[in-house]
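Student: I would like to go through a model and ask about its chain contacts.
Tutor: Go ahead; here it is.

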Amino acid sequence: MAPGRRTVAKPSDSRRKPAQAPKGKTRITKILEQAAAESERVMRSELDSERLPAGLLTLQFKKR
Amino acid sequence: MPRPRRQQPYPRANVRVVPFSRFLDEYDRPDGLVDLNWPPTQLQYIREYLAELDCQSVLIEDHYIDRDFVDDVALFYARSLRGYPNHCRRLHFFDTHLSSREWRGLVGRSNQNPEARQAATARLNRAYLGFTVRRPLPGYPVGRTVLRRVKPTQGIRGDRIGVEYGIHVGGFDLTVNGLAFQQQDQGVSACATTALWTALHQMAELESLRIPTPAFLTEAACRYYLPGGRALPQEGLTLEQICEACRAAGLSPVVLHGLDTEQTRAQIHVLLRSGFPALLGLFPVGAGDGHAVTVTGFAEEPVAAADSASEPALDLTKGTHQLFVHDDRLGPDAVATLEAIDVELRNGRFRPVTDASDPQSVMTVPALRILRRDGTEFDKRVIRAIIVAVPSKVRLSLGRLRQLGWILGRSIALGVVPDLAGRIGFSCYFERSTDVIRLITADGLSANGAYTLACQTALSRYVARVALSESGKPLFDVLLDSTETEANPSVLAFICRRTLPSTAINHARQLASHFGVDLII
């Protein structure tokens, strides 16, 4: 999903207008996009850490 | 007329005081051959721990009904041939000299006027170091134990999870901040049960749940899945059973695995900063069983500034250099460190690397090195999994939260305040929205900004927070809806907490608008 776009609105004060992402690519947009792309590589294994391989759940902890 | 003799006499209560030097005399060596050293490691550890706290006196309640033990009796010990009593002995520790005579005087004077009671309560509370319950189980006497925390070394910041326990003895209300520890009894609880029970003391407090007893957890864990064939005596829980017990206690289990040492350090930091104790599933290098401990705190040092080009934003979790763990084989708040070690993984077991090892099966894995009170190594094991019981509405994963933290740190360091690149640090955690509002509105926000955050921004009960700071001073806070599964489209508030030049504010506004929110100043 493009940055700055919500699929479902968050509950908030109805008088407040939702912030609009600037049109066109600003300097900050480019930095943000580059950081987002790089984060996929840097954080990959942390992102995968909740995907459990088969067999892990049967490990037993019993040490006395 | 003589009073009729009761068939079932009530026990006599007795409270007495002994010097700390006689602490171990309260524990009787069990009959027969003992396969453990006597006194057990846990008792020796507790004695050394209390000596560090300068314990002087022990006040003993000879008859004490402990909720956890009485549940163990109901589930298991009541059916034994040996007539186990349902009561325990409770020992309270003080860092002041107290005699039985003085104690009697304190109780007597407190009875005379409220001021005397208040003064005596304050005196006892100042000196109070916590308590341990002595169970009438031969060989496994260490029941529920809560001790005051030993302060971390000077200059090192410590962050520890703790619950304020209220204690009532002799008509006085005492308190101690700590987290419950106990030795596994080998009947109702194994190490995993005990580790989970410790963690749930904290989570029950956070979520206003009833604290489950070890007997409850064992029954819940073994309700549907019994790989060992029977639930009692308890021989150890699988990860699946630990998850089942978490759910029965009203919480959601999260299991993390496959992390390297730095990622393990980061995720434990996030969990503890959030107030969620982390269970570590440990496996030995070589023969032996799996073991579980609970991480209850960490000590951190400031992270040194980095090269602004290669690392514009610092990951503050890197400062975590020491952990504190409750290990039921050793004691509460044992110091531990994280290390990366090389092992060979063969047939599902970790083995030491030798000349004969197959290079393809050699891997570097995170290990936990647990220390005794004197700093010598007690044990070192591979961390196979992190298990944490979180409130069920915390759905956002730690990985996704940290990914957004990394993106925001970099973007702000490079695009908003480039002068501070290399000095900006980011940390991520979950926090109750009410605590966040109180903290943020108290420091660095205008009156309008404080009102917008406190009264015009809908927040989830727990918000995920990305906190950006410079040399420990707050810079930006980004709050996310933790009930969502994706971090990126779930930003609820983007808050600037420092007076910045107008160009920086404009860039911050643009950044906030990319996440669909206004900048709160």
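Student: How many residue pairs are in polar contact across the interface of chain B and chain A?
Tutor: This is a predicted model, where local features need pLDDT of at least 70, side-chain atom pairs count only at pLDDT 80 or more, and totals for chains, interfaces and linings use all residues. Residues are numbered from 1 along each chain as written, chains are lettered from A in the order written, and side-chain values use heavy atoms, without hydrogens and water. A polar contact is a pair of N or O atoms within 3.5 Å; within protein, one must be able to donate a hydrogen and the other to accept it, and residues adjacent in sequence count only if both atoms are side-chain atoms. With both residues at pLDDT 80 or more, the number of pairs across this interface is twelve.

Student: Which residue of chain B forms a salt bridge with Glu38(A)?
Tutor: A salt bridge needs a side-chain nitrogen of Lys or Arg within 4 Å of a carboxyl oxygen of Asp or Glu. The two chains have two salt bridges between them. For Glu38(A), the closest N and O atoms are 3.6 Å apart, and the partner is Arg410(B).

Student: What area is buried between chain B and chain A?
Tutor: Buried area is the accessible area (1.4 Å probe) that two parts lose on being put together, summed over both. Chain B brings 61 residues to the contact and chain A 44, with contact meaning heavy atoms within 4.5 Å. Carbon and sulfur atoms give 57% of the buried area, which is about 5,000 Å².
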